[in-house]
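Okay, thanks for making time, everyone.

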Amino acid sequence: MSFESQTTPRSRISLSQREAIWAYLFLLVPLIFFATIRFWPAIQSFRLSLFTWHVDPARRLFIGSQYYEELLSNPVFIQALKNTLLYTVVTVPASIGLGLGIALMLQAVRHARGWYRAIYFAPFITPAVAVAWVWGWMYNENFGIFNRVIVEWWVFVERIGLPWLAIEPQRFLRNPEMALYSVAAVVIWQQLGFQVVIFLAGLQGIPRIYYEAARIDGANPWQLFRHVTIPLLNPVLVFAVVITTINALQLFDQIVNINFTNQGGPLNRTLSLALYMYQEAFGRARLGYAAAVTVVLFVIILVITLIQLRLTQRRVEY
Amino acid sequence: MKHSVRLVIALSLLLGLSFGAAQVQLTYWQYEFNTRIEAMNQLIEQFNAENPDIVVVQETFPFDSYQQQVASAISAGQGPDVVQLFYGYVSAWQRAGYVEPLPQEHLSHEWIESYFIPMVESVKIDGEYYGLPTAVRSLALFYNKDMFREAGLDPESPPATWTEFVEAAKALTVARGPLFERIGYGFGGQDHHLIRTVLTNQLGTPPYSADNREVLYGAGTGEEALRVWSDWQLEDRIGVLEFIPGTSGYREGFITQENIGMIIDGSFAIGQVQNGAQFDWGVAELPTFDDGVQANYGSFWMNGVTPNAYSSPEKLEAAARFIEFVTTEAAMQLWLDVVGELPAARTMIEDPELTSDPVYGAFIAGLAYAEATQFVDELAQRNVMLDAYNRVLLEGMDPAESIAIAAAEDQALLDQFAAE
């Protein structure tokens, strides 16, 4: 296109201006799309959170910040908020750490790297619902594979006369202290492949020349990792951290399906903000209150993402 | 069958188009469940044939997203004119405006109160009815006769008291160390109703006050009910929650895996048990305590009208005529035959053919003393009871303390509803 523009000197606007206009024109299409299906509903849901819910707009009562006040004093909301932050604190470092570790190891693998990558990526493309159901069975107290192994181990250590090595069968999803971590493990397992793939891509984008230069200067493997890999991988790290955090804050599918009888249970210990919002909106027909939850969730995600971008982008070195 | 339905609809649409706008179109919604859809298709076919001025079209949605679909569609001024809803949703739906009162000029209260069993009156809100059922449900005990024989129990005398129930369940249970291979009773499913409505009532006090403004089980027999039920797991070890994962895991374990000896389930499960069970099974009325006081939990899905039906007098009249049609004795008989749910008309549940039926009999008997607990917020009140028993089972809390917390939470929900 730029070639054609150069050959048509009739126009009065400069080439760069014309290119800018075209760029904005093309950007306008997705912008209108996002404005109508993303931004407008977001503004609407803020409006909704100030009214009681009724299908007839004329019968919605303005109550101002009442739902926000209710939120702050509602123990279930507080529990869901705590859980959501805990999910984030657990799943983000774990899946980034494991993902980076596996990517580094895969990079050292010479044969069948594509196969390994495919294997690690498979959980990510498996539907969350199917994953949750299968893990629900694996965690099952009586028939799950984990307790099966624990019981076999128990029998084994008793036979060899070391009964103090035995472990009690666990209630992975029903123990209030353990349930959230059991769900978090599933989420980490599922996201791992995504992390591995983007870290692999990031690692392959680092020019060999830096490693060679550092090695000539006598750098050991740790120094290579710390002073070459990490700084040059920073953009990928920032992306991974932001995306994983947002995913963790919006956790829904896995929680809903792993304990279908008591979603978010036991005792609300696996309840996430997104699930809480859904239950209030469609289980209890309190859409105004649910909208208030959404607004709070939006603010939390916005603030956390901004802080992360501030903290992590400072260190980008080229 | 489906072709003929489509043909009727297509023909009626054509007729409607060619003869002008005299014809009213009604949209009917219910959740997806094969036999329910089939029964409703047959009813709609008959109705459309008998009422050339009305065309009813059925649309269905998966159960898990049903309420979400209703909320979005009706808020957008679309979706159903006549909608099927669980009686427990009615308070929340009425408050949100998803359902409107049934038009009294077409469906009079005198007729409703003389024709339907009294349970239907339990969902009258501020003097208005918001729906009428084609069928109702009650609870009963399903048991595996083969397993009874195997365990040396008499398959023809199912437990009549909770003491006998625990004894039978113990005999049926096969434990391996701390885990179970087979359990005597399948926990889950309907147990929150069992504690709140059945056991509490059997022990002598109702769970809520008659005007449904006050929670009574906290000070009443709720504590004892929760203790008895929890002890089945903690002391008697006749089973465990989530033995088979999933909402209907307890039923699946009973029907297909055959590792659950007894379940307490609603009459809606009859069809599934009849089609799925490859063993000799039986149904018995719910056991009682030693004093023999009976109680049961009844519930129903009902047909209500949405604001869409109020868009014109013709539409409202058509909706009322349709609701009247799907609640006739003939419709109830069809529903019983196809779905297996019990009829909601007074005359029909006294039919000796039904009351002496080996399967339906126990449910019909239960209906006579069943109570449909009125909910202001079905989901939240269900969770209150689930949390009450989970605190006892998983955190070792005393039932007295746990039921007190539950009663306070439940009271807060009732108060909140009254205030809004």
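Predicted model: local features only at pLDDT ≥ 70, side-chain atom pairs only at ≥ 80, totals over all residues.

So, contact here means heavy atoms within 4.5 Å. On that rule, 43 residues of chain B touch 36 residues of chain A.

Residues are numbered from 1 along each chain as its sequence is written, chains are lettered from A and ligands numbered from 1 in the order in which they are written, and side-chain values use heavy atoms, with hydrogens and water left out.

Back to the interface. Buried area is the accessible area, with a 1.4 Å probe, that two parts lose on being put together, summed over both. For chains B and A that comes to about 3,500 Å², with carbon and sulfur atoms giving 52%.

How many salt bridges does the rule find across the interface of chain B and chain A? Two, counting a side-chain nitrogen of Lys or Arg within 4 Å of a carboxyl oxygen of Asp or Glu. B:Glu395 and A:Arg269 form a salt bridge, at 3.1 Å from N to O.

And which element gives the most to the side of chain B that touches chain A? That's α16(B), with eleven residues. Helices, by the way, are DSSP runs of H or I with at least four residues, strands are runs of E with at least two, and both are numbered from the N terminus.

Now the sheet. Chain B has an open sheet of four strands in the order β2-β1-β3-β11, with mixed pairing; two strands pair if DSSP finds at least two bridges between them. β2 (54-61) and β11 (301-305) of chain B stand at the edges with a single partner strand each, so one side of each has no neighbour in the sheet. From one strand to the next, the twist averages 25°. In chain B, β1 and β3 run parallel, joined by two bridges, and B:Tyr28 has B:Val82 in β3(B) as its bridge partner.

Two helices sit against those strands. α3(B) lies across β1, β2, β3 and β11 of chain B, at about 145° to β1(B). Helix α12 of chain B, residues 313-326, touches β1, β2, β3 and β11 of chain B too, and makes about 50° with β1(B). Axes are lines fitted to C-alpha atoms, for helices over the stretch in contact, with angles from 0 to 180 degrees between N-to-C directions.
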